Amino acid sequence: MIHEKLANFPNNFLWGAASAAYQVEGAWNENGKGLSNWDQFVRIPGKTFKGTTGDVAVDHYHKYKEDVKLMKEAGLKAYRFSVSWARIFPNGKGEINEQGLEFYNNLINELIKNKIEPVLTVYHWDLPQALQDEYSGWESRKIVEDFTNYCIVLYKNFGDRVKNWVTLNEQNIFTAHGYMKALHPPGVKDDKLFFQVNHHANLANASAIKAFRKYIPNGKVGPSFAYGPAYPYSSKPEDILAFENAEEFNAHWWMDVYAWGEYPKAAWNYFASKGLAPILEEGDLELLKAGKPDFMGLNYYQTGTFEKNPIDGVTEFGHFNTTGKKGTTEDRGVPGLYKTIKNPYLETTNWDWAIDPTGLRIALRRISSRYRLPILITENGLGEYDNVEENDVINDDYRIKYIYSHIKSIREAVTDGVDVLGYCIWSFTDLLSWLNGFQKRYGLVYVNQDEEGGKDLRRIKKKSFYWYKELIEKNGNE
């Protein structure tokens with residue numbers, strides 16, 4: 001629908017930015033922190049761009065006060081950050097590292113002092129390596145109890161000040177990349193194991209939300225899902241079916257469980273016929289239903305376009321662009337279900353991600369209509385090369401254009417009737433990209449850091465920093 005006049009954003013709308021512990025903190029082995037799975041994985045040759053590690057990242061651990069000061073200057077209403085599990089429990093469980101709790105307490109207090117709402121992500125991919133070594137981490141049901149106990153410690157220590165919580169960040173990504181594509185730790189390719197791991201993550205998410213009700217009854221909690229709405233390539237019925245398959249298998253398989261505690265039937269029947277469906281034990285479905293969230297967290301970057309894929313068609317293992325060399329991504333798919341195809345109506349980034357602001361509006365409407373939940377946009381942003389000009393000027397007009405177009409789509413969705421709680425740009429400062437090093441920059445604030453390291457980590461405000469500040473002052477309304 002085309003609106004003659006757009007609704008204003010609510011006065012309590014959370015204009016924010018986001019980060020993840022491993023990508024910004026550094027201090028990988030300081031003050032009692034244990035090893036995470038990423039601390040170990042990045043040391044395997046060839047796993048990251050130029051062998052980059054998060055040992056220093058952008059040193060937010062030591063520079064958090066400087067970063068929060070910049071957040072205040074930008075006028076942020078919220079800052080979404082994640083806690084490193086291994087910084088709280090060096091061994092994943094057992095003895096608590098009080099220095100780890102102190103760091104996050106200090107960060108939270110600094111945010112509140114500067115009138116910035118803390119949004120805490122419990123798990124953003126960095127599993128304590130000790131749990132991977134002891135029982136293979138997410139491969140074991142033991143993870144549910146240990147994850148829940150970890151969450152309870154955070155609830156008890158931070159719940160008096162933090163009211164908005166994210167449980168698991170992009171479960172669909174860390175499970176698939178870790179157990180189907182071997183791009184993330186533990187670097188496994190085992191489809192059957194992937195589905196069981198994902199089920200354990202679902203149980204852990206539900207258990208954490210169930211515990212949340214006891215410890216922070218006046219707070220809000222939900223997972224963050226990486227949703228790229230599917231489009232059909234054409235109006236051919238077989239392409240429409242491929243698009244329906246893509247939605248069912250890539251989106252409903254997760255969000256139906258989050259919202260309803262149920263796996264979608266068509267996908268379940270398909271996976272069961274292939275011998276891939278996870279093993280359900282007594283009480284699993286009851287626990288999943290007890291984990292209904294207060295909101296759906298949405299990480300949105302792009303849409304996907306799909307067409308029919310024959311039984312002998314392409315698989316998921318086409319080349320994935322992690323170098324920034326445009327046009328190198330290959331089509332991927334599941335034989336008999338769907339395959340990707342380039343959308344001729346959309347431009348792409350240098351990493352071949354489709355730029356589609358209307359897709360965000362579509363995502364918001366689909367989630368709202370299907371699940372009847374408020375939505376917190378926990379990530380959205382543009383990863384690109386940035387150039388520092390004379391006098392520390394960074395003219396990232398391309399980022400401003402990207403963010404502006406997506407915020408306009410959010411406002412259109414709000415006018416449509418979608419309940420959107422807030423918007424967190426990915427990211428506030430530049431940060432370590434999991435597989436792309438520091439060349440792929442997302443921040444409103446440039447950090448003088450690269451793959452070789454040894455830089456001064458100086459913070460430089462980009463043009464987008466000042467633009468976002470003005471937008472927040474207007475509450476996103478023109």
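In the largest nonpolar core, which has 137 residues, Trp-138, Phe-147, Trp-165 and Tyr-468 touch the most other members. A nonpolar core here is a set of buried Ala, Val, Leu, Ile, Met, Phe, Trp, Tyr and Cys residues joined through side-chain atoms within 4.5 Å; buried means under 20% relative accessible area, with a 1.4 Å probe and protein chains only. A second, separate core of seven residues includes Val-119 and Phe-295.

Please note that this is a predicted model: local features need pLDDT of at least 70, side-chain atom pairs count only at pLDDT 80 or more, and totals for chains, interfaces and linings use all residues. Residues are numbered from 1 along each chain as its sequence is written, and side-chain values use heavy atoms, with hydrogens and water left out.

Next, the cysteines. How many disulfides does the structure hold? There are zero, a disulfide being a pair of cysteine sulfur atoms within 2.5 Å. The sulfur closest to that of Cys-151 belongs to Cys-424, and at 19 Å it is too far for a bond. Cys-151 is buried, at 0% relative accessibility, and Cys-424 is buried as well, at 2%.

Finally, helix H14 covers residues 397-416; helices are DSSP runs of H or I with at least four residues, strands are runs of E with at least two, and both are numbered from the N terminus. Among its buried residues are Arg-399, His-406 and Glu-412. The buried residues of H14 pack against elements including strand S1 (14-18) and helix H15 (463-473). Just after H14, Gly-417 adopts a positive phi of about 115°.

Notes:
Buried means under 20% relative accessible area, exposed over 50%, partly exposed in between (1.4 Å probe, protein chains only). The expected span of a helix is 1.5 Å times one less than its number of residues. Contact means heavy atoms within 4.5 Å.
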